[in-house]
Amino acid sequence: MGDRYAFSLTTFSPSGKLVQIEYALNAVSNGSTSLGIKATNGCVIATEKKFASTLMEVDSIKKMAMLSENIGAVYSGMSGDFRVLVKAARKKAQIYFRTYHELIPVTQLVREIATIMQEFTQSGGVRPFGASLLVIGMEEGGPRLFQVDPSGSFWGWKASAIGRRMVNAKNFLEMRYSETMELEDAIHTAIVTLKEGFEGQMTGDNIEIGIVGRDNPEFRILTPAEIRDYLAEADN
């Protein structure tokens with residue numbers, strides 16, 4: 001009886017669950033740890049980069065993407081699903097820009113992404129996206145950080161984490177987060193949080209950091225050299 005609900009996406013189990021969505025969340029939980037922090041003057045997202053082999057090209061692994069000039073995202077879960085969502089989000093952002101001649105607000109683009117993900121939870125012949133996203137950006141009200149899950153649900157956060165070590169990371173962020181934290185402090189906090197339980201030595205090549213700030217509202221992914229500088233500061 002239970003298997004019938006486990007394999008059906010559009011049928012609720014007697015307990016009121018769509019079991020395939022829970023399986024999608026398991027795929028997220030098996031992914032690399034990613035986190036985001038909202039500061040007073042910007043936002044930062046950070047993630048681990050795992051390499052299946054030492055023969056892989058380091059530059060070929062991308063965990064973050066610019067969705068619009070002022071918005072960026074990181075994922076935990078399945079990379080192929082993230083790529084599809086990035087393409088759809090960029091298309092929505094361009095349609096908005098061509099219609100209104102201004103950048104799409106973060107809140108609106110997050111709602112568009114969540115709508116796409118929700119549609120894949122109630123249609124036959126498809127499956128939920130096996131990825132959760134942390135989306136950051138600048139809008140009129142200031143910096144924003146959102147989390148979007150495979151169910152199509154989304155929430156605004158001051159700081160959040162997804163992926164394999166999300167529980168420990170969230171606990172660490174709860175202890176370290178401050179309402180008055182500025183962007184530079186948020187970057188250092190993100191690095192220290194990722195270091196908790198990190199396997200091996202952290203370098204500029206095996207983590208990725210993206211930022212947006214009030215002074216420079218364009219989303220930017222830090223270079224490995226910039227990350228190494230922050231790591232050196234964190235070690236001192």
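Q147 stands opposite W155 in strand β7. The model described here is predicted, with local features requiring pLDDT of at least 70 and side-chain atom pairs pLDDT 80 or more, while totals for chains, interfaces and linings use all residues. Residues are numbered from 1 along each chain as its sequence is written, and side-chain values rest on heavy atoms, with hydrogens and water left out.

Strand β6 (residues 142-148) runs antiparallel to β7 and is joined to it by 3 bridges; strands are DSSP runs (E, at least two residues), as are helices (H or I, at least four), numbered from the N terminus. Two strands are taken to pair if DSSP finds at least two bridges between them. Both belong to an open sheet of 5 strands with antiparallel pairing, in the order β3-β4-β5-β6-β7. β3 (64-68) and β7 (154-156) stand at its edges with a single partner strand each, so one side of each has no neighbour in the sheet. From one strand to the next, the twist averages 25°, with axes fitted as lines to C-alpha atoms (for helices over the stretch in contact) and angles running from 0 to 180 degrees between N-to-C directions.

Another open sheet has 5 strands in the order β8-β1-β2-β9-β10, again with antiparallel pairing. Here the edges are taken by β8 (159-162) and β10 (220-221), each with a single partner strand, so one side of each is left without a neighbour. Within this sheet, 5 bridges join β1 (residues 34-38) to β2, and I37 stands opposite V44 in β2.

Turning to charges, there are 8 salt bridges, each defined as a side-chain nitrogen of Lys or Arg within 4 Å of a carboxyl oxygen of Asp or Glu. One of these salt bridges pairs K50 with E199, whose closest N and O atoms are 3.9 Å apart. This pair links distant parts of the chain, 149 residues apart: K50 lies in the loop between β2 (42-48) and β3, and E199 in the loop between α6 and β9 (207-213).
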